[in-house]
Amino acid sequence: MKRSFLLYFLFTLIGILFLGRLFQLQVIRGKDYNPVKNSAVKVKFDLPERGYIYDRNGELLVANQLSYDVTIVPNEVTPLDTIEFCSLLKISKENFIKRFKKAENYAPWLESVFLKQLAKEDFAFLQEKLHKFQGFNIQKRVIRNYPIKSAANILGYINEVNELVAKKDNYYQQGELIGKVGVEAQYEKVLRGKKGKKYFRRDRFNKIKGPFKNGIYDSIAVNGKDITLTIDSKLQQYGEYLMKGKRGGIIALEPSSGEILALVTSPSYDPNMMVGRLRSPNSVKLIGDSINKPMYDRGLKGTYPPGSPFKLVNALIGLQEDVIDENTHFFCNGGYRYGNRKKEFMKCHCDIYGKPIQLNSAISKSCNSYFANTYKRIIEKNKNSTNGMNTWSTHVKSFGLGNYLGYDLPEGDKGLIPNGDYYNRMYKHRWNASTNISNAIGQGEVLTTPIQLANVTAAIANRGFFYTPHVVKKINNQAIIDPSYTTPKHTTIDKKHFEPIIEGMHEVFKTGTASWVNIEGIDIVGKTGTSENFMRVGRKKIKLPDHSILVAFAPKNNPKIAVAVFIENGGFGSTVAAPITSLMIEKYLTGMVNRKWIEERMLKTDLSPIYERQTIAIKQIETGTK
Amino acid sequence: MRQEQNNIFFGIDWLLALFFTLLVGFGWINIYAASYTDETIQAFDFSSKYGKQLLWILFSIPLIILILFINAKFYQRFSSIFFILSLLTLIGLFLFGTEINGAKSWYRFGGISLQPSEFAKAFTALALAKLMSDRKYNLSILKNQLKAFIIIFLPAFLIALHDPGSAIIYLAFFFVLNREGLTLAYIIFGALSIVLFIATILVGVKVIISSLFIFITIYVIYNIYRNRRFLKFNWMKVVGIYLFSSLFIFSADYSYNNILKKHQRDRFEVILGKTSDTKQIGYNSDQSIQTISSGKFWGKGFLEGDKTQGNFVPAQDTDYIFSVVGEEWGFIGSSFVILLFMALLYRIIYRAEKHANKFGRIYGYGVASILFFHFIVNIGMVIGVLPTVGIPLPFFSYGGSSLWGFTLLLFIFIKLDAQKSYDW
């Protein structure tokens, strides 16, 4: 072997090793290298202004407002007149020491927020004397402002981005603002705009040495877009006004477009509570209220048995499936017996005993027996209850029930529309129409949210189709073009079947249960409802006062508004829900309310004693069972 | 013949001169990038590092001419004296040396500082060549081996007192000894010691000693089984190796934990992955790796390296100059440098093997080995595969002594090479 071999070999070996390592570093690892994500580059963000929110008539609902934070660099603080400083900031000396220590613990050489969101007057005083307090500074920031104390559930609020979100979504830096609920969350990307970025070269001492690559990677901030809601602020406020002292929701839709005119939940809160210095104690108070749940949107999330309004759907299915027609009649003997035992009897209060009942009066008088018979025919049409149940379920779901509606707010519930499999699982195939006869009258397993009921009403008003309800009308004054809100969704019921139903509903306000709140000159079409409800406390199932429900639309021909009103424990549909519906329709269609006596009566209707008694009763049972 | 001898450029290997020029030239471009600042008002500033380096480069031209002017025989004849003078300059540091960066290895003359250890390499190579080119010299004799070891380790020891990192380079001379007939056992023994040393640091004394025991036991059992010779087995040898290795492991562990300083241990631990601290201990290495990676395939371009321009890699103009190449010239540029060094090394060995007389050949091997060691240790450190040892990249790094030292080293070989066909 030649003596020179060893060195030649080693030169080659090391050379190849080094080239391989360089390939690994510069070609393989270098591929993922981002030129601006580099310790030699410092990014400075330019925060855009968040978009404003208006109602459908251009009324400003959400604006921005300047707020001032006091910041501190602990290392630069020189001895100061603490008493004067504290009195300027309106904090105690102990609080001052606590805050100072917190900032020092964070990092003595870095700027951190000492006191958030100073009041405007305090800011003016402080600014004048700031030169006396070395190491303290004032930082401007933008916070939300709500000129009208209304619609908190729709608008939502914004939060500071926490560490977790900042890690997950690299758009955000910790401490920036992000929409948390409502439109603020749903339309976050529209409202927030686009942050501007400026890249700077820096050396290893963090000293800025000028723009990075002459700013070719820089971008300018794009302000957030303004949003116009479909909400009619006047109607919304009126609804909230009427709902004082009651729990529940009002949903008003425009049937011809699916636009949500009002989305009232009660109790609610003043959106201004979620900004400013009192934000954190307020939010603790609001989120922590487990009895009134002011942050729980009952209109969107509350699932209730729909009660009598559900009979309309059953009637429509009966007509479509051809098991009844307008002239089909049944007899009601104060109720409907679906089994042989005494208990297996559904009471009815239609007061038409001994006479045959046809569809029109069955709806206006809300005859349980009529719909129980209809329901039984639908389910048993195919001799096979599972198939019948599935057919029924498909029809019902075509009204947007039993699943998320797809509206543009981040909260909601599916509700529940059972099908054949559901009962097969529940009863191991041993069931028939009588087993779940309660579905005929909207009790039983069926659960819906108020907005779903409002949507059913809109579908009836449109005679067979609906637009997915939505809350945003325009973005930067451009009408939304999202096809999921602009294309109609058709139910499985033919158009011709709707007229007899609507006639029956018209009768409700002409001569039926809601005739006392009929409005002169406006053809209101609706259906009252009273939904039984139970609550499970421990092992006990206790019956609570009925929910009061009403769905309606008006005018009968060319409907402009469809409303669903849901009052928890409000009793009969005709006593509380009906007048509220009527007032809402009057307010929207005429712009004012002439029947002050009804309004007065509704404002005086305070259900809080009932709720209180309920809470106490539940507590007693809870402690008793324990 | 006379005429040819009068022409100082006669017979020189132009390829080696070209490699030298390319390395120095490209090196200077990168020193310019590393020390360039926007704040400089003048277009060219001689007080800056790139300005000074340019002066060093310019002044190396008369040095080269001087080296080429002198007859090759002169180097052979006076190599012992050069060597002794070189040792004296190293010793003189104790009296007249100036401390720079914690190492008292500089002489200061007015504005310029010189580092004698950079020149000592060339003179050690000359002395070694002179010793071993003697006709009566036979490397298989232990006494002769010892003579060579003394020439190598005397300057190494003197340098190690100030700057242990630079002394490592003298191990390179073992390649020269190997070429001249020293058994490979020395190098294998050295390599095995390094492996054992690293393994000891990595897994600890107990594990390594017991696994060594298991390994030897398996080896013994295997041999007994295979040869069926139990009694004839060389037990003394096996036990001896085991005891000797154990002793080595214990002393390696002891010297690692007690003789090496904290910062030196840290450098090992970063490379061995025992610590992942990139803020302090591993900062240099981490920054250097990031800087090189950021260059990608094509590099960011001359003066466009934001890490280089932000001075993120410490000593980026001297020991870490290769990171500048990596960032601004990318994979293309850095592989060009690697290939250039490989070509230079191949060429030196190729030319050295053509020498009819031993002196030129041995010296050539010395040059190649030293350059090779610098190349491994420096680039290995910059690309993060070897621990941090602060030695310069030949012809590339900023610094007059280093540039002149390597120029001297290489051009003496070029001169010897040019005259190799003459009668000595």
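**Notes on a predicted two-chain model**

1. Let me start with strand 23 of chain A, where A:Ile561, A:Val563, A:Val565 and A:Ile567 point one way while A:Ala562, A:Ala564 and A:Phe566 point the other way, and all are buried. Please keep in mind as you read on that this is a predicted model. The burial runs along the whole of strand 23, since seven of its seven residues are buried and the strand is described as mostly covered. As background, side chains in a regular strand alternate between the two faces of the sheet.

2. Which strands does strand 23 of chain A pair with? One partner is strand 11 (residues 248-254) of chain A, joined to strand 23 by six bridges and running antiparallel to it. Another is strand 22 of chain A, which is also antiparallel to strand 23 and is joined to it by seven bridges.

3. The hairpin of strand 22 and strand 23 of chain A deserves a look of its own. Six residues lie between the two strands, and A:Asn558 takes a positive phi near 55° in this hairpin. The loop between strand 22 (540-554) and strand 23 (561-567) is also the place of A:Pro555. The peptide bond that leads from A:Ala554 to A:Pro555 is cis, and its omega is near -15°.

4. There is another cis peptide bond to check in chain A, the one joining A:Ser266 and A:Pro267, with omega about -5°. A:Pro267 sits in the loop between strand 12 (259-266) and helix 10 (279-288) of chain A. For context, most peptide bonds are trans, and most residues other than glycine have a negative phi.

5. A:Ser366 is not a glycine, yet its phi is positive, at about 55°. Is A:Ser366 buried or exposed? A:Ser366 counts as buried because it has 27 C-beta neighbours inside 10 Å, where the cut-off for a buried residue is 20 or more. You will find A:Ser366 in the loop between helix 13 (359-364) and helix 14 of chain A.

6. B:Lys296 is a residue other than glycine, and its phi has a positive value near 55°. The loop that holds B:Lys296 lies between helix 14 (283-294) and helix 15 (306-309) of chain B. B:Lys296 has 21 C-beta neighbours inside 10 Å, so it counts as buried.

7. Back in chain A, helix 14 (residues 368-380) is worth a moment. Its 13 residues reach 18 Å from the first C-alpha to the last, close to the 18 Å expected at 1.5 Å a residue. How many of the 13 residues of helix 14 of chain A are buried? Ten are, and the helix is mostly covered. Among them are A:Asn368, A:Tyr370, A:Phe371, A:Asn373, A:Tyr375 and A:Ile379.

8. Next, a sheet made of three strands in chain A. It is open, its strands come in the order 1-8-9, and the pairing is antiparallel. Strand 1 (41-46) and strand 9 of chain A are the edge strands, each pairing on one side only. From one strand to the next, the twist averages 40°. Strand 1 and strand 8 of chain A run antiparallel and are joined by six bridges; A:Lys42 stands opposite A:Phe200 in strand 8.

9. Now the contact between the chains, to which chain A gives 30 residues and chain B gives 34 residues. On the side of chain A that touches chain B, helix 1 (5-29), strand 8 (196-202) and strand 9 (208-211) each supply at least two residues. Which element of chain A gives the most to this side? Helix 1 does, with 15 residues. Sorted by class, the side of chain A that touches chain B has 15 nonpolar, seven polar and eight charged residues.

10. Finally, some totals for chain A. Its secondary structure comes to 22 helices and 23 strands. Chain A has 626 residues, and buried ones make up 40% of them. Of the contacts in chain A with a separation of 6 or more, 71% are between residues 24 or more positions apart.

Methods. Residues are numbered from 1 along each chain as its sequence is written. Chains are lettered from A and ligands numbered from 1 in the order in which they are written. This is a predicted model: local features need pLDDT of at least 70, side-chain atom pairs count only at pLDDT 80 or more; totals for chains, interfaces and linings use all residues. Two residues are in contact if their C-beta atoms, placed from the backbone, lie within 7 Å. Helices (H or I, at least four residues) and strands (E, at least two) are DSSP runs, numbered from the N terminus. Ala, Val, Leu, Ile, Met, Phe, Trp, Tyr, Cys and Pro count as nonpolar, Asp, Glu, Lys and Arg as charged, and the others, Gly among them, as polar. Two strands pair if DSSP finds at least two bridges between them. Axes are lines fitted to C-alpha atoms, for helices over the stretch in contact, and angles run from 0 to 180 degrees between N-to-C directions. The expected span of a helix is 1.5 Å times one less than its number of residues. A residue is buried if 20 or more other C-beta atoms lie within 10 Å of its own, exposed if 12 or fewer, and partly exposed in between; C-beta atoms are placed from the backbone.
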